[in-house]
Amino acid sequence: MPKCIINGKEAEFKPGENIIEVAKRVGIYIPYYCYHPALSIVAQCRMCAVEIEKMPKLQTACSTPATEGMIIKTTTERVKKNQRAIMEFLLLNHPLDCPICDKSGECDLQDFSFQYGDSFMRSSEERRTYVDLDIGGVIKKNMNRCIHCTRCLRFAEGVAEIHEMVAVKRGNNIEISTIDDRPLETDYAGNYADICPTGSLSIKDFRFKKRVWYLKKTPTVCEGCSRGCNMEVHEERGTVYRCVPRVNLEINKYWLCDEGRFNFKYVNSENRLTEPSIKSAQKFDFCDWSTAIEKSREFFQGKKTTVLVGSDLTQEEIKLILDFIPKQISVLSFFHYGTPGVLFSKDDGPADRILKMKSKTSNLYGIEKLGLTGFEKYSPQTGAFLVFRGGRASVPDLGGIPTVGIGVFQKTIIENFKIILPGTTFVEKDGTIFNFEGVEQKFKRAILPPGQSKNLSEIFMLWAHLGAARRAA
Amino acid sequence: MLLKPKTSILQKIYLPDIIIGLWITIKNFFFGKKVTIQYPEERRNYSSRLRGMHYIKTINGVENCTACMLCPTVCPAECIHIVAGERPDKEKYPISFEVDVLRCCFCGMCEEACPKDAIKLSNIYEMSMLKRSVYEKDFLLEQRGHK
């Protein structure tokens with residue numbers, strides 16, 4: 001492999017790689033705004049300019065490919081002077097409203113200003129201001145904070161494949177907006193906020209909810225569809241505030257769709273049942289775990305049961321169900337369910353050209369590996385249903401047959417359920433899932449289950465334990 | 001084994017020492033400088049840097065605070081709780097701003113961290129209350145102190 005020398009360090013590279021990437025690999029960070037590894041290169045922020053021997057002027061590291069024997073210096077006085085100048089230039093019109101801005105704490109402009117900029121400002125002129133129009137339900141625009149890196153334009157063009165963001169006017173008066181100020185149409189709008197190096201585009205849903213430095217970040221896998229995008233759950237004290245994409249070049253690259261990004265909403269929703277409940281007359285009564293489990297044991301006695309396993313459960317949970325349930329109740333058959341219209345993995349396929357898949361549950365492929373088939377129709381002998389749900393699978397029509405539910409249920413979808421044993425969502429448990437390419441991915445628990453909710457293994461432990469106590473008595 | 005201290009004859013009969021001790025007491029009691037003051041009527045002058053009761057500075061009736069959450073971040077006692085919101089005349093403002101005074105250790109770091117010159121510790125030190133209370137936003141917005 002060819003080699004170049006960066007700050008005296010020898011760095012190997014593949015031909016065609018730019019200096020930023022090569023330097024990153026040997027642990028040298030070159031600051032940049034407009035460059036993004038997944039977007040086209042424009043070299044217009046000039047922040048990444050470095051000194052290269054035998055070149056008279058500073059070169060932008062993002063647009064200069066490394067060549068054999070190149071000697072690059074990133075910390076010389078000339079480079080630092082340039083960085084200081086660029087920072088001063090960008091901050092000329094920046095409102096410096098970090099106390100208000102949601103980006104502060106993870107803002108590139110803030111970090112680089114601290115690291116590479118001056119601590120004072122020479123300018124006393126009035127700052128350029130814009131009037132901001134609403135650009136849809138996901139993104140809040142604040143044009144005053146913009147530094148015109150045009151990452152959003154290039155994201156819309158190159159990744160979201162929709163020409164909706166444009167730069168109007170020129171020079172100092174340039175303004176980023178949507179065409180005719182229409183609302184954003186793409187399903188990937190949340191990524192605008194992620195790639196924006198300032199707080200110019202921010203997520204409306206997260207607006208003023210929490211300062212980012214309070215959030216605890218746990219890597220996890222999205223359960224929104226069978227793609228299995230990697231993401232990070234940001235939570236504080238048991239409340240999930242947002243999800244952001246995590247880089248995985250083989251699956252989701254740098255992106256996350258809005259459906260997956262805002263999927264976490266049901267976790268802390270008031271609509272979620274978090275107490276063991278038994279239906280009496282028309283409403284659900286909360287009770288304690290021992291009563292609920294006694295009742296469900298009684299409920300299944302002498303009934304032929306069809307077990308429906310949501311394809312949003314993890315491999316571990318499904319295996320546990322297959323091993324445990326036949327020993328406890330008389331099972332007619334096991335089925336899996338998840339998305340209406342996607343019964344088997346052969347029905348699944350890409351739902352758009354970027355990330356989304358048709359199967360709206362994450363572990364359809366894993367559940368098929370364990371030998372379950374999709375739920376089409378139930379046998380007429382069925383006397384009861386036992387439904388396992390991870391929070392995302394949509395429960396099929398059960399024809400009014402009495403049902404016991406274990407898992408995460410919203411108060412709105414439990415019409416003919418008799419007993420609900422509250423379980424855990426994907427952020428409250430460890431597990432393994434298989435995505436549509438058969439990639440096995442593990443994820444870790446981020447928060448503790450709310451209320452009385454318990455893990456499936458704990459529920460089964462209670463079930464077995466209470467049974468043993470009764471047999472002994 | 002007990003060691004008996006060597007004492008002189010004067011100490012052994014106690015009386016001279018008692019007289020000396022009584023004299024010191026009488027001297028301080030009748031002729032000494034008073035240490036206490038008649039508190040509610042008389043007051044001491046404290047330094048203007050005294051850190052007392054909290055307040056949020058307002059300008060023309062609008063609170064300076066933008067709910068940037070730097071004071072709860074820096075607070076070592078974790079006694080400040082803010083909920084941020086939006087209203088037409090101000091992009092970000094505190095919907096609720098609570099100082100749990102019982103937890104507060106009056107270190108003044110909130111004042112130091114505040115980028116908007118909003119939270120202040122006034123000179124008021126008489127903070128006894130009839131019930132355990134949390135300073136809410138309305139209370140904090142009363143302008144007290146001269147800082």
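**Entry 1: A:Val439**

I began with A:Val439, which, leaving aside its neighbours within four places in sequence, is in contact (heavy atoms within 4.5 Å) with A:Ile251, A:Ile433 and A:Phe434. The model I am reading is predicted, so local features need pLDDT of at least 70 and side-chain atom pairs count only at pLDDT 80 or more, while totals for chains, interfaces and linings use all residues. Residues are numbered from 1 along each chain as its sequence is written, chains are lettered from A and ligands numbered from 1 in the order in which they are written, and side-chain values use heavy atoms, with hydrogens and water left out.

I located A:Val439 in the loop between strand 21 (431-434) and strand 22 (440-443) of chain A. Helices (H or I, at least four residues) and strands (E, at least two) are DSSP runs, numbered from the N terminus. Is A:Val439 buried or partly exposed? I found a relative accessible area of 32%, so A:Val439 is partly exposed. Here buried means under 20% relative accessible area, exposed over 50%, and partly exposed in between (1.4 Å probe, protein chains only). I also looked up A:Val244, which lies 195 residues from A:Val439 along the chain; their C-alpha atoms are separated by 21 Å.

**Entry 2: A:Thr305**

I turned to A:Thr305, which is found in strand 15 (residues 305-310) of chain A. Its relative accessible area is 0%, and A:Thr305 is therefore buried. Not counting residues up to four places away in sequence, A:Thr305 touches several residues, among them A:Phe300, A:Ile329, A:Val331, A:Ala384 and A:Phe385.

I examined helix 2 (residues 77-91) of chain A, which has 15 residues. From its first C-alpha to its last, helix 2 reaches 21 Å, close to the 21 Å expected at 1.5 Å a residue; the expected span is 1.5 Å times one less than the number of residues.

Which residues of helix 2 of chain A are buried? I listed A:Val79, A:Asn82, A:Gln83, A:Ile86, A:Met87, A:Leu90 and A:Leu91. Seen down the axis of helix 2, these buried residues fall within an arc of 160 degrees (the arc of the directions from the helix axis to the C-beta atoms), so they line one face of the helix. The face turned away from the buried side carries the exposed residues A:Glu77, A:Lys81 and A:Phe89. I noted that the cover over the buried residues of helix 2 includes strand 3 (49-52), strand 5 (71-73) and helix 3 (108-116) of chain A.

I then followed helix 3 of chain A, whose buried residues are A:Leu109, A:Phe112, A:Ser113 and A:Tyr116. Seen down the axis of helix 3, they fall within an arc of 105 degrees, so they line one face of the helix. The exposed residues A:Phe114 and A:Gln115 sit on the face turned away from the buried side of helix 3. What covers the buried residues of helix 3 includes helix 2 of chain A.

**Entry 3: Cysteines**

How many disulfides are there over all chains? Taking a disulfide as a pair of cysteine sulfur atoms within 2.5 Å, I record a count of zero. The sulfur of A:Cys34 has its closest cysteine sulfur in A:Cys45, at 3.7 Å, which is too far for a bond. In chain B, B:Cys104 is in no disulfide, and the nearest cysteine sulfur, that of B:Cys79, is 4.4 Å away. I checked cover as well: A:Cys34 counts as buried at 1% relative accessibility, and B:Cys104 counts as buried at 14%.

The C-alpha atoms of chain A fill a box of roughly 90 × 50 × 40 Å, taken along the principal axes. Residues 24 or more positions apart account for 64% of the chain A contacts with a separation of 6 or more.

Buried residues make up 31% of the 147 residues in chain B. Its C-alpha trace spans about 90 × 45 × 30 Å along the principal axes.
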